[in-house]
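Hi everyone, thanks for making time this morning. Let me put the chain up on the screen, and then we can walk through a few parts of it together.

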Amino acid sequence: MVTVLTNIAYSLGLVALAVVAYLVRDWRQLALATSVPFLTFFLYWWVLPESPRWLLARGRFDEAEKVLNTMARVNGRCLNPNFILDMKRKYQVERFSKEKCSEERSYGVMDLFRTPNLRRKTIIITFIWFTNTSVYVGLSYYAALLGGDEFLNFLLAGAVELPTYLVLWPSVEKLGRRWTLCISMLIGGVACLATLLSQHGKF
């Protein structure tokens, strides 16, 4: 869910960037218009609370308890009094296990290829990320060359992502990540191939 919301915000940012770039044509002013407003994000330091998960992982249980109590109060819930105590015990057990494992052996990148199962998964995930990133960046750069208004093309390239996130969200819940990934990559590949063939007059 967090990833989907982040990607939606990213797509909306692309749409907004197209509008700003259309209104501000000078590249210096455009650079200022798209960077200076983000300085306000530094105010989050005093506004947003620290992640309770991060605080618990760092052993800062008192601070985590305050944040969780605030979250529970805002959502109309009541935090279990034994929750922090249970998390503290779990943290101590995990920390002891990690220290014991680190003393026994240190792991590196090559451990991803040590067993057949890890090797297969590492290769598949690397291939998927490489393919998705290459195609996404390629299509992003190619949008301005589609003909017509380049600002409109860039806006549409960002806006066309929004429906996919709304469709993929329930798809992952019903079909699972594996089938959703396979089907979406198949549809994307066919669409890219159809675009290439249509430009060469194949159909």
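**A walk along the helices**

Let's begin with Tyr141, which has its place in helix H7. Please keep in mind that what you see is a predicted model. Is Tyr141 buried or exposed? Tyr141 is exposed, and its relative accessible area comes to 65%. If you look for Tyr165, it sits 24 residues from Tyr141 along the chain, and the two C-alpha atoms are separated by 21 Å.

Staying in helix H7, which runs over residues 116-142, we also find Thr122. Here the relative accessible area is 13%, and Thr122 counts as buried because the cut-off for buried is under 20%. What does Thr122 touch, leaving aside neighbours within four places in sequence? The contacts are with Leu112 and Phe113.

Now a word on the annotation. The UniProt record, an unreviewed entry, marks "transmembrane region" over residues 7-24, 30-48, 123-145, 151-172 and 179-197. Let me take two of those spans and look at them in the model. Residues 7-24 are 94% helix and 0% strand, with the end C-alpha atoms 25 Å apart. For residues 151-172 the figures are 95% helix and 0% strand, and there the end C-alpha atoms lie 33 Å apart.

Helix H1 covers residues 2-23 and helix H2 covers residues 27-35; the two pack at an angle of about 145 degrees, and their axes are 10 Å apart. Which residues make that contact? From H1 we have Leu17, Val20 and Ala21, and from H2 we have Leu30, Ala33 and Thr34. As for handedness, the crossing of H1 and H2 is right-handed.

Helix H1 also holds Ser11. With a relative accessible area of 0%, Ser11 is buried. Not counting residues up to four places away in sequence, Ser11 touches Gly158, Glu161, Leu162 and Tyr165.

Gly158 takes us to helix H8, residues 150-159, where the buried residues are Phe151, Asn153 and Gly158. Why do these three end up on the same side of H8? They cover an arc of only 160 degrees around the axis, and that puts them on one side together. At the start of H8, have a look at Asp149: one of its side-chain oxygens reaches to within 3.0 Å of the backbone nitrogen of Phe151.

Leu156 is in helix H8 too. Leu156 counts as partly exposed, at 46% relative accessibility.

One last stop before we open things up: Phe41. Where do we find Phe41? Its place is in the loop between H2 and helix H3, the latter being 44-47. Phe41 is partly exposed, with a relative accessible area of 41%. Thr115 is 74 residues away from Phe41 along the chain, and their C-alpha atoms are separated by 44 Å.

That's my tour, so over to you for comments.

Terms used:
Residues numbered from 1 in each chain as written. Predicted model: local features only at pLDDT ≥ 70, side-chain atom pairs only at ≥ 80, totals over all residues. Heavy atoms only, no water. UniProt positions renumbered as here; feature names shortened; annotations may be inferred. Helix = DSSP H or I, 4+ residues; strand = E, 2+ residues; numbered from the N terminus. Buried < 20%, exposed > 50% of the residue type's maximum accessible area, 1.4 Å probe, protein only. Arc of directions from axis to C-beta. Polar contact = N/O pair within 3.5 Å; in protein donor to acceptor, adjacent residues only side chain to side chain. Axes fitted to C-alpha atoms, helices over the stretch in contact; angles between N-to-C directions. Left-handed = near helix turned anticlockwise from the far one by under 90°. Contact = heavy atoms within 4.5 Å.
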